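This report describes one protein chain for a reader who is new to structural analysis. Please keep the sequence and the structure in view while reading.

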Amino acid sequence: MNSHEVLKKSVSDLGVKSVASDLGLSTSLIYKWCQPTDSEDASGADNPLDRLARVHELTGDTGPVRWLCQHADGYFVPNAPLQEVDAIPLLHMTRRIVREFSDLLDALTESIENDGKIDLQEADKIRVEWEQLKSSAESFVSSCEKGVYDD
């Protein structure tokens, strides 16, 4: 889905006028954000999503994206580069995912065994293991969708 389509869908429930009013912007600008900018005849304007993507492209820093994900009560998990996953045979990749799941279970077990509770420091360790597992699993699924393992 393109950024303008995401924004168009996002503002549709509240309505462009309400969103524009709440942001202190003109309705015409919000409408322009919801139009394509790809072609010469497109009348859209660079929207906040395009700009955030451009900041990431220019800096390589995922900080703003991570911040936005946290603000939306979520987390950013990067995929492993496809070239890295391409070099990993299917069986090794599935073992990696199982190993990382085991690491997550180990972190959970260690947290609970010492006092039956999970404190904030233990939660941070669990988060790290969970993020690694999600990243590997998502990279694997992406590779499958791109036909890496269909030979």
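## Salt bridges in a helical chain

Lysine 125 counts as partly exposed, with a relative accessibility of 41%. In this report, buried means under 20% relative accessible area, exposed means over 50%, and partly exposed lies in between (1.4 Å probe, protein chains only). The model is a predicted one, in which local features need pLDDT of at least 70, side-chain atom pairs count only at pLDDT 80 or more, and totals for chains, interfaces and linings use all residues. Residues are numbered from 1 along each chain as its sequence is written, and side-chain values use heavy atoms, with hydrogens and water left out.

The partner of lysine 125 is glutamate 110: the two form a salt bridge in which the closest N and O atoms are 3.1 Å apart. Glutamate 110 belongs to helix H7 (residues 90–115) and lysine 125 to helix H8 (residues 120–145), so this pair ties together parts that are 15 residues apart in sequence. Glutamate 110 is also partly exposed, at a relative accessible area of 45%. A salt bridge is defined here as a side-chain nitrogen of Lys or Arg within 4 Å of a carboxyl oxygen of Asp or Glu. Side chains of opposite charge can pair when their charged atoms come close.

By this rule the count comes to 4 salt bridges.

| Pair | N to O distance |
|---|---|
| Arginine 54 and glutamate 57 | 3.3 Å |
| Glutamate 110 and lysine 125 | 3.1 Å |
| Arginine 127 and glutamate 131 | 2.7 Å |

Within helix H8, arginine 127 and glutamate 131 are 4 residues apart, about one turn of the helix. Arginine 127 is partly exposed at 28% relative accessibility, whereas glutamate 131 is buried, with a relative accessible area of 15%. A network of salt bridges links Arg127, Glu131 and Lys134.

Arginine 54 and glutamate 57 are 3 residues apart in helix H4 (residues 48–59), a separation of about one helical turn. Arginine 54 is partly exposed, at a relative accessible area of 44%, while glutamate 57 counts as exposed at 55% relative accessibility. Between arginine 54 and proline 64 there are 10 residues of separation in sequence and 11 Å in space, C-alpha to C-alpha.

## The chain as a whole

The secondary structure comprises 8 helices and 0 strands; helices (H or I, at least four residues) and strands (E, at least two) are DSSP runs, numbered from the N terminus. The radius of gyration of the chain is 21 Å, whereas a compact globule of 151 residues would have one near 15 Å. This radius is taken over C-alpha atoms, and the globule rule is 2.2 Å times the number of residues to the power 0.38. Along its principal axes, the C-alpha trace spans about 55 × 45 × 30 Å.

Buried residues account for 22% of the 151 residues. Of the contacts (heavy atoms within 4.5 Å) with a separation of 6 or more, 48% involve residues 24 or more positions apart.

The chain carries 15 positive and 28 negative side chains, and the centres of the two sets lie 4 Å apart. Lys and Arg count as positive and Asp and Glu as negative, while His and the chain ends are not counted. The place of a charge is taken as NZ of Lys, CZ of Arg, CG of Asp or CD of Glu.
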